[in-house]
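Please have the sequence and the 3D view open while reading.

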Amino acid sequence: MLPPFVEYDTPKEYKNHFEKVYCKTPILTFDGINVFFSKDKFDHAFFESTKRNGVKDIFSEERAKRIDWIKATLENPKADLYQGWDKDSKKYFPHRRVSVVFGDFAVIIGLSLNKKSGELKGNFITCYEANNSIGKIRTSPVWDKQKCLDYLK
């Protein structure tokens, strides 16, 4: 079920929500991966560039009202999982995971190995409405847990 929009009056209220819901304890994905969120990812996820130059200079209520979709996407066993594209190296990586379950809303996490347990752990990178890139995402290689583990070992 599609989570409801979250509506606050100020960016600060959204940031407080992000820190309370996401930054205090990791979110456990449907397939058992702890995903950690750092406070500094808030701006990357909820600001946009007005000049399309990569500088995120304006708060996006359209992005922010979907803040609760992050957790719902990561926890949803029906999510489609794809390898993430790295624009710098211009290739897909098995240790980047893009989850899509609610239309074209994408959640991207970076994966690494927990040094103690050897299990996968995730770090939130960003989320966005992928209306311009959903076609490219949906033709990306499917994310595979074993391929990810093999890549990281």
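Which residue in strand 7 does Ser99 stand opposite? Ser99 stands opposite Val107. The model is predicted: local features need pLDDT of at least 70 and side-chain atom pairs count only at pLDDT 80 or more, while totals for chains, interfaces and linings use all residues. Residues are numbered from 1 along each chain as its sequence is written, and side-chain values use heavy atoms, with hydrogens and water left out.

Strand 6 and strand 7 run antiparallel and are joined by 5 bridges; two strands pair if DSSP finds at least two bridges between them. Strands (E, at least two residues) and helices (H or I, at least four) are DSSP runs, numbered from the N terminus. The hairpin of strand 6 and strand 7 has 4 residues between the strands, and Gly103 there takes a positive phi near 65°.

Strand 7 also runs antiparallel to strand 8, with 9 bridges between them. Ser112 stands opposite Lys121 in strand 8. The hairpin of strand 7 and strand 8 has 6 residues between the strands, and in it Gly118 takes a positive phi near 75°. Strand 7 (residues 105-113) is largely enclosed by the rest of the structure, because 7 of its 9 residues are buried. Buried means under 20% relative accessible area, exposed over 50% and partly exposed in between (1.4 Å probe, protein chains only).

## The largest pocket

The largest pocket holds about 1,200 Å³ of space. Its lining has 32 residues, and Lys56, Arg63, Thr126, Tyr128 and Ser133 lie nearest its centre. Elements giving two or more residues to this lining include strand 6 (91-100), strand 8 (120-129) and helix 5 (134-138). The lining divides into 9 nonpolar, 11 polar and 12 charged residues.

A pocket is an open set of points on a 1 Å grid over the protein atoms alone, where a 1.4 Å probe fits, with protein on both sides within 12 Å along at least five of seven lines; lining residues have an atom within 4 Å of a point. The volume is the space filled by probe spheres set on the points. Asp, Glu, Lys and Arg count as charged; Ala, Val, Leu, Ile, Met, Phe, Trp, Tyr, Cys and Pro as nonpolar; the others, Gly among them, as polar.

Lys90 lies in the loop between strand 5 and strand 6. Lys90 has a positive phi of about 55° although it is not a glycine. Most residues other than glycine have a negative phi. Lys90 counts as exposed because its relative accessibility is 60%.

Thr10 sits in the segment before helix 1 (11-23) and, at 33% relative accessibility, counts as partly exposed. Thr10 and Phe59 are 49 residues apart in sequence, with their C-alpha atoms 9.5 Å apart in space.
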